[in-house]
Amino acid sequence: MNTIITGTLRDKLRNTALGIAGLALAGGAIAAPALAAQHTPGVQAATPDTAVTTSDTGATSDRVDTGKLTPHGVQGEQSRITLSGEQTDNVKGIIAATKKAGMDERAAVVAIATALQESKLENLGHLGDRNDHDSQGLFQQRPSSGWGTVEQITDVEYSTTAFLDALKQVDGWQDMPLTEAAQTVQVSAFPFHYAQWETQAAELVAQHWNS
């Protein structure tokens, strides 16, 4: 998750990052200029799920509307992994942090898809020669880029909140395809790789949002 940023673009990134509490971006990957949304061939339409479930006490609660999870459909071929208990706990931690930040299910989908791409939902420490510079944690955030200390960015709540704080600064992120919203925050060398995890991320949010 590293990129070379020109002086003009660096200035724009620095100005955007001023609104992000606790982050002091120094030329790293937080919020690149928003990419213009565009139609991408192969987008699959989402099908809303608005079923209502009844609890043992007789109270009713709405299930998560999948139309809200993937409002733009999904782009391209989708990938999927089997999650361990630890990875599932990290999903729940991301969802809890999203709710605490006052953000909705769509934000959780973007965050989980990003973590699936960056770390396969494993809270990674330093990997030596396999590290992308000093990237660590679920979102492969870099202390040298102002995301926080190693201890902070390997804390699920902190790292998720930092990601979401950056996402909030992306103008119109809710109207972007997931991969564009994620890439605007992450500034990855592989900007379209986030798209492949949208289906699984949406399913995980639908499963765990109210659990």
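Mentor: Before we start, contact here means heavy atoms within 4.5 Å. And keep in mind that this is a predicted model.

Trainee: Okay. Leaving aside neighbours within four places in sequence, which residues is E105 in contact with?

Mentor: Once those neighbours are set aside, E105 touches V64, L69, V205 and W209.

Trainee: And where is E105 found?

Mentor: In helix α4, which covers residues 105–119.

Trainee: Is E105 buried or exposed?

Mentor: Buried, and without a salt bridge.

Trainee: What's the nearest side chain of opposite charge to E105, then?

Mentor: That's K68, 5.6 Å away.

Trainee: Let me zoom out. How many helices and strands does the chain have?

Mentor: Eight helices and two strands. Going along the sequence, the order is α-β-β-α-α-α-α-α-α-α.

Trainee: What share of the chain is buried?

Mentor: Buried residues are 45% of the 211 in the chain.

Trainee: What about contacts with a separation of 6 or more: what part comes from residues 24 or more positions apart?

Mentor: Those account for 65% of them.

Trainee: Back to α4. How do the axes of α3 and α4 cross?

Mentor: Helix α3 is residues 85–100, and its axis comes within 9 Å of the α4 axis, crossing at roughly 145°. The crossing is right-handed.

Trainee: Which residues meet there?

Mentor: On the α3 side you have V91, I94, I95 and T98. They meet A107, A108, A111, I112 and A115 of α4.

Trainee: Now charges. How many salt bridges does the count come to?

Mentor: Four. One of them joins the side chains of R80 and E203, at 2.7 Å from N to O. That pair links distant parts of the chain, 123 residues apart: R80 is in the loop between α2 (66–69) and α3, while E203 is in helix α8, residues 198–208.

Trainee: How accessible is E203?

Mentor: E203 has 38% relative accessibility, so it counts as partly exposed.

Trainee: Which residue does E198 meet in a salt bridge?

Mentor: R106, with 2.8 Å between N and O. E198 lies in helix α8 and R106 in helix α4, so this pair ties together parts 92 residues apart in sequence.

Trainee: Are those two buried or exposed?

Mentor: E198 is buried, at 2% relative accessibility. R106 is buried too, with a relative accessible area of 5%.

Trainee: And what does K168 pair with?

Mentor: K168 forms a salt bridge with D165, and their closest N and O atoms are 3.9 Å apart. Both sit in helix α6, residues 156–168, and because they are three residues apart there, about one helical turn separates them.

Trainee: What's the accessibility of K168, and of D165?

Mentor: K168 comes out partly exposed at 39%. D165 is buried, with a relative accessible area of 17%. The cut-off for buried is under 20%, which is why D165 falls on that side.

Trainee: What about phi of L121?

Mentor: L121 is also not a glycine, and its phi is positive, about 65°.

Trainee: Where are K120 and L121 found?

Mentor: K120 is in the loop between α4 and α5, and L121 is in that loop as well.

Trainee: Buried or exposed, those two?

Mentor: K120 is partly exposed, at 32% relative accessibility, whereas L121 is buried with a relative accessible area of 0%.

Trainee: Last one: where is E151 found?

Mentor: In helix α5, residues 150–153. E151 is exposed, with a relative accessible area of 67%.

Trainee: And how far apart are E151 and Q136?

Mentor: They are 15 residues apart in sequence, and 9.7 Å apart in space from C-alpha to C-alpha.

Methods:
Residues numbered from 1 in each chain as written. Predicted model: local features only at pLDDT ≥ 70, side-chain atom pairs only at ≥ 80, totals over all residues. Heavy atoms only, no water. Helix = DSSP H or I, 4+ residues; strand = E, 2+ residues; numbered from the N terminus. Buried < 20%, exposed > 50% of the residue type's maximum accessible area, 1.4 Å probe, protein only. Lys, Arg positive; Asp, Glu negative; His and termini not counted. Axes fitted to C-alpha atoms, helices over the stretch in contact; angles between N-to-C directions. Left-handed = near helix turned anticlockwise from the far one by under 90°.
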